[in-house]
Amino acid sequence: MHAVLVPVYLLLVTPITGSWWAAGSLVVMDPYQICKKTRRLKGKLGDICRNEPALLKQIANGVAMGQKECQYQFRYRRWNCTTTRRSMRKVLLRDTRETGFVNAITAAGVTFAITKACTMGDLVECSCDKNMKKMKKLKKGEKMKNLKNVPVPEGDWEWGGCGDNINFGIRKSRDFMDTRYKKRSDMKTLVKLHNYAAGRLAIKNHMRPECKCHGLSGSCTLRTCWRKMPSFREVGNRLKERFDGAAKVIAGNDGHSFIPEGETIKPPGKVDLVYSEESPKFCTPNSTLGSLGTQGRLCNATSLGEEGCDILCCGRGYNTKDIVEEKNCFCKFHWCCEVKCQTCKVKRTVSTCL
Ligand SMILES: *[C@@H]1O[C@H](CO)[C@@H](O)[C@H](O)[C@H]1NC(C)=O
Ligand SMILES: *[C@@H]1O[C@H](CO)[C@@H](O)[C@H](O)[C@H]1NC(C)=O
Ligand SMILES: *[C@@H]1O[C@H](CO)[C@@H](O)[C@H](O)[C@H]1NC(C)=O
């Protein structure tokens with residue numbers, strides 16, 4: 001964690017609800033902007049905007065987490081989840097796989113950040129999940145609900161400790177993100193709400209037990225266990241897999257639902273991502289589509305995958321050159337407590353798309 005210095009004049013001219021840092025960086029969804037527009041609205045969203053500033057801050061944190069994870073997951077793809085406004089805005093206006101992924105990871109990020117804040121005691125309106133205590137104790141070998149592959153801890157243990165309050169996170173994330181769309185049933189909205197929910201399930205369906213030993217000198221005669229969220233990287237990996245297997249859907253006849261395109265395809269489940277428009281190739285710049293093109297992108301000349309020059313450069317070819325980088329080397333630890341390094345020059349070959 002590093003501190004950020006804010007010039008005093010900025011603090012003075014910025015209204016409390018507006019966040020000076022969020023204004024520039026939260027391109028996918030800026031909760032402060034949403035609140036500005038919905039100031040007069042009643043309901044749960046208005047409630048959060050007016051009365052829950054700490055929660056609003058966690059929502060902003062969650063959006064930022066989602067953006068960062070999206071960029072990690074797409075770092076080698078033609079569309080790299082850049083938050084350059086002219087690109088991301090356009091991608092969000094459409095209804096492609098990419099749109100679906102961004103929506104899912106955003107809902108997941110918001111849920112994750114709120115839930116984590118509950119566990120840390122940063123929000124007055126919630127606390128750890130204590131409901132698990134009411135759950136029956138599982139027998140050895142029995143699987144925990146929603147946790148098919150992780151066996152329940154062996155031996156004697158009971159629910160306790162401070163569990164991640166995922167249901168609170170999900171509820172608040174819905175209150176903020178979904179209630180705005182409650183009265184709409186157009187295709188894009190239905191798809192968006194589905195992908196929001198799928199993003200949240202990528203956390204909720206993969207909660208796992210974590211345990212702590214009690215008893216004399218770590219004898220572990222008694223353990224308490226609680227439910228913990230997966231890491232956000234795991235959530236991102238899972239949603240990236242769902243992106244790869246996303247299902248294309250078309251509007252259903254009743255006007256309030258969607259159905260999979262093509263009759264034989266099995267309908268997408270709750271955890272699957274859906275989309276209704278084909279993605280552009282993102283090879284060349286096109287402002288209508290939010291494509292920046294891949295010219296100048298770093299690529300891997302020997303890989304056949306999506307980071308390989310063949311695919312990333314769309315067959316246009318690439319430049320290869322040797323660059324010399326300075327790196328820390330021969331690092332030595334000096335008592336106490338300093339590490340001193342020399343700088344070495346390292347040659348590296350890089351390829352960039354034409
Ligand atoms: C951008 O994409 C749109 C939609 O596919 C297409 O109609 C348009 O011709 C493209 N523009 C350029 C400059 O390629
Ligand atoms: C993402 O793509 C854009 C446009 O192709 C490029 O300018 C940018 O440097 C890329 N970002 C990263 C981190 O590779
Ligand atoms: C490029 O791809 C090859 C083959 O997948 C891999 O072995 C190599 O480590 C990659 N190079 C870089 C710089 O990522």
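In this predicted model, F282 lies in the loop between strand 6 (274–275) and strand 7 (285–286), where strands (E, at least two residues) and helices (H or I, at least four residues) are DSSP runs numbered from the N terminus. Although F282 is not a glycine, its phi is positive, at about 60°. Another backbone feature concerns C337, found in the loop between strand 10 (318–334) and strand 11 (338–353); the peptide bond from C336 to C337 is cis, with omega near 20°. Residues are numbered from 1 along each chain as its sequence is written, and chains are lettered from A and ligands numbered from 1 in the order in which they are written. Because the model is predicted, local features need pLDDT of at least 70 and side-chain atom pairs count only at pLDDT 80 or more, while totals for chains, interfaces and linings use all residues, and side-chain values use heavy atoms, with hydrogens and water left out.

Disulfides, each a pair of cysteine sulfur atoms within 2.5 Å, come to a count of 10 by this rule. One pair is formed by C70 and C81, whose sulfur atoms are 2.0 Å apart. This pair links distant parts of the chain, with C70 in helix 5 (residues 53–73) and C81 in the loop between helix 5 and helix 6, 11 residues apart. The torsion about the S-S bond of C70 and C81 is about 110°, so the disulfide is right-handed.

Two packed helices are described by the angle between their axes and the distance between the axes. Axes are lines fitted to C-alpha atoms, for helices over the stretch in contact, and angles run from 0 to 180 degrees between N-to-C directions; angles under 35 degrees count as roughly parallel, over 145 as roughly antiparallel, 65 to 115 as roughly perpendicular and the rest as oblique. Helix 4 (residues 43–51) packs against helix 8 (residues 166–177) at an angle of about 100°, with their axes 7 Å apart, and the two helices are therefore roughly perpendicular to each other. In their contact (heavy atoms within 4.5 Å), K44, L45, I48 and C49 of helix 4 meet K172, D175 and F176 of helix 8. These residues divide into 4 nonpolar, no polar and 3 charged, where Ala, Val, Leu, Ile, Met, Phe, Trp, Tyr, Cys and Pro count as nonpolar, Asp, Glu, Lys and Arg as charged, and the others, Gly among them, as polar.

Helix 4 also crosses helix 5, at roughly 105° and with axes that come within 6 Å. The contact joins I48, C49 and N51 in helix 4 to P53, L55, L56 and I59 in helix 5, and its residues divide into 6 nonpolar, 1 polar and no charged. Helix 6 and helix 7, in turn, pack at an angle of about 100°, their axes 8 Å apart, which makes helix 6 roughly perpendicular to helix 7. Here M88, V91 and L92 in helix 6 meet E98, T99, V102 and N103 in helix 7.

The lining of the largest pocket comprises 21 residues, of which V27, V28, M29, D30 and L92 lie nearest the pocket centre. A pocket is an open set of points on a 1 Å grid over the protein atoms alone, where a 1.4 Å probe fits, with protein on both sides within 12 Å along at least five of seven lines, and lining residues have an atom within 4 Å of a point. Helix 6 gives the most to this lining, with 4 residues, and the lining as a whole divides into 11 nonpolar, 4 polar and 6 charged residues.
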